[in-house]
Amino acid sequence: MPASSRGSLDRRRFLAASAGAALSAAALPACAASVDSGSGAKGAKETLTVMDTAWTKKDRQNAERELGMNLEIVTYDVTKLNAMLAGKNPPDVVRGIGATDVPYFAARGLMADLDAYFAKSDVLKPSDLAPANDVWRYDGTTKKQGTGPRYGMAKDYSQDCMFWYRTDMFEAAGLELPSDTEPLSCDEWLDLGKRLVKRRLGKVKVYGLSGTPLGGPLTQVMWMAASAGGSLFAEDLATVDFSSPEALKALQWYLDYAKADIGPSVVNPNPDGWDWPTYQANRMAMATDGYWFGGTIGGDAKISEVSRFAPAPQLGSHRISPCFSGTGYWIPKGAKNKDAAWKYFEWYFGGKGAQDRATTGWGIPSLNSLRSKMPQDTAFHKQSYAVQERELAYFSVLPVSPYAQVDALNVVLTKVLPGAVKSGTTAGQIADTLNSRINEQLARGKELVG
């Protein structure tokens with residue numbers, strides 16, 4: 001596991017940080033009673049340790065009052081989490097990115113199977129869970145994500161390959177607006193980016209396209225290869241093959257995008273760190289950010305007036321629109337307070353706070369019963385809601401390997417691609433290098449997992 005603490009606030013970390021936001025409003029009345037710690041002291045309360053981000057003192061105090069328990073908040077850090085897990089003293093609740101964290105931790109027996117809790121709950125009913133919660137499932141027999149026991153739950157989610165665009169920039173360039181219903185081909189999308197980019201003295205002043213979805217270049221190749229009818233990972237998820245026709249086509253698209261220098265890439269990262277500051281400052285025409293990004297756009301009347309939402313582009317004929325985050329919480333298998341942790345789950349995911357979050361546009365609710373609360377009060381919200389509702393039919397879980405974390409595999413790509421792009425190395429040669437380095441990591445991980 002990499003030692004990175006995921007410290008810089010890029011799009012992925014911004015989503016993860018938002019998992020801890022708005023806690024003061026997230027009350028669930030049924031959970032307000034005291035939880036007996038078992039110490040025998042009258043009125044004693046359970047202490048729940050939560051590893052998370054973005055808590056304020058007021059949030060914690062309000063949550064403790066509503067839950068009837070004491071909370072010890074540990075700031076999320078993957079190195080510290082590893083140490084606590086190894087020391088058999090894990091937090092009771094851990095924030096996580098379901099789409100990429102679950103295979104790694106579940107395969108190592110570190111996550112608690114929550115099926116029995118879901119089966120008994122009157123608040124978080126399995127029949128009410130949105131399909132995106134399947135990123136929190138893992139089958140230990142087949143080593144596949146998307147089926148098997150539930151190990152956590154998303155607070156909300158987005159289909160991360162959908163994109164937002166600026167109508168004012170399209171109109172200024174004399175370009176037809178993308179369809180609300182039919183996805184662009186990836187080649188059409190790239191061409192639009194080239195036509196929308198603006199340069200001055202050889203430097204990009206307005207990005208035509210921010211073309212990499214949440215999760216980095218690895219998940220981009222996964223998504224595009226899947227839409228072309230293939231897969232980056234082998235059936236057993238123990239190896240990758242960037243040389244397969246579908247994956248090579250996806251890799252070539254990314255190389256063409258990076259070489260065109262029309263948007264942020266591993267060769268030329270966005271100095272703003274993530275898309276919103278750039279988009280808001282009129283320096284980005286298209287941003288590959290899912291529905292959650294509408295929460296930022298909707299807060300700016302001028303930007304929302306000229307912003308629209310579009311389906312995920314496709315590299316091939318197999319239409320797919322995945323989620324690469326699904327940020328939420330999980331309970332470690334070694335947690336000492338699982339019942340109290342489940343009360344926290346019901347409070348956070350099913351209480352008033354969850355209902356309030358659904359109205360903000362900061363993601364699709366993970367409970368189907370809350371989807372009707374998504375904002376539809378303005379022309380901006382009505383358009384994005386309608387596009388998102390149609391896109392739900394194309395959601396699919398893209399399993400990632402349990403033998404290495406996605407962050408670690410992305411490190412390989414970010415080391416290989418910049419030099420390869422600048423030197424003009426062919427896609428086939430790059431594929432060979434990536435196959436060698438990534439498969440070596442996966443092989444080491446498989447030896448550990450068994």
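Analyst: Angles here run from 0 to 180 degrees between N-to-C directions. In this predicted model, helix H15 (residues 379-391) lies across S8 and S12 and runs at about 5° to S12.

User: Why are H7 and H9 called roughly parallel to each other?

Analyst: Helix H7 (residues 186-196) and helix H9 (residues 245-260) pack at an angle of about 5°, with their axes 11 Å apart. Angles under 35 degrees count as roughly parallel, and H7 and H9 are therefore roughly parallel to each other.

User: Which residues make that contact between H7 and H9?

Analyst: H7 contributes Cys-186, Asp-187, Trp-189, Leu-190 and Lys-194, while H9 contributes Trp-253, Asp-256, Tyr-257 and Ala-260. Six of these residues are nonpolar, none is polar and three are charged.

User: What is the relative direction of H16 and H17, and why?

Analyst: The axes of helix H16 (residues 406-423) and helix H17 (residues 427-449) come within 10 Å and cross at roughly 155°. Angles over 145 degrees count as roughly antiparallel, and that is therefore the term for H16 and H17. The crossing of H16 past H17 is right-handed.

User: What makes the contact of H16 with H17, by residue class?

Analyst: There are eleven nonpolar, two polar and one charged residues in this contact. On the H16 side are Ala-408, Leu-409, Val-412, Leu-413, Val-416, Leu-417 and Ala-420. On the H17 side are Ile-430, Thr-433, Leu-434, Arg-437, Ile-438, Gln-441 and Leu-442.

User: What makes S11 and S12 edge strands?

Analyst: Three strands form an open sheet in the order S11-S8-S12, with antiparallel pairing. Strand S11 (286-287) and strand S12 (307-310) each pair on one side only, so they are its edge strands.

User: How do you know that S8 and S12 count as paired?

Analyst: Two strands pair if there are at least two bridges between them. Strand S8 (residues 163-166) and S12 have four bridges, in the antiparallel sense. Phe-163, for one, has Ala-310 of S12 as its bridge partner.

User: Which strands pair with S13, and over how many bridges?

Analyst: Strand S3 (residues 93-97) pairs with S13 over four bridges, in the antiparallel sense. In that pairing, Ile-97 stands opposite Thr-327. Strand S6 (residues 152-154) also pairs with S13 in the antiparallel sense, over three bridges, and Gly-152 stands opposite Trp-330.

User: Which way do the residues of S13 point, and are they buried or exposed?

Analyst: In strand S13 (residues 327-330), Thr-327 and Tyr-329 point one way and Gly-328 and Trp-330 the other. In a regular strand the side chains alternate between the two faces of the sheet. All the S13 residues are buried, the cut-off being under 20% relative accessible area.

Key: Residues are numbered from 1 along each chain as its sequence is written. This is a predicted model: local features need pLDDT of at least 70, side-chain atom pairs count only at pLDDT 80 or more; totals for chains, interfaces and linings use all residues. Side-chain values use heavy atoms; hydrogens and water are left out. Helices (H or I, at least four residues) and strands (E, at least two) are DSSP runs, numbered from the N terminus. Angles under 35 degrees count as roughly parallel, over 145 as roughly antiparallel, 65 to 115 as roughly perpendicular and the rest as oblique. A crossing is left-handed if the near helix is turned anticlockwise from the far one by less than a right angle, and right-handed if clockwise. Contact means heavy atoms within 4.5 Å. Ala, Val, Leu, Ile, Met, Phe, Trp, Tyr, Cys and Pro count as nonpolar, Asp, Glu, Lys and Arg as charged, and the others, Gly among them, as polar. Buried means under 20% relative accessible area, exposed over 50%, partly exposed in between (1.4 Å probe, protein chains only).
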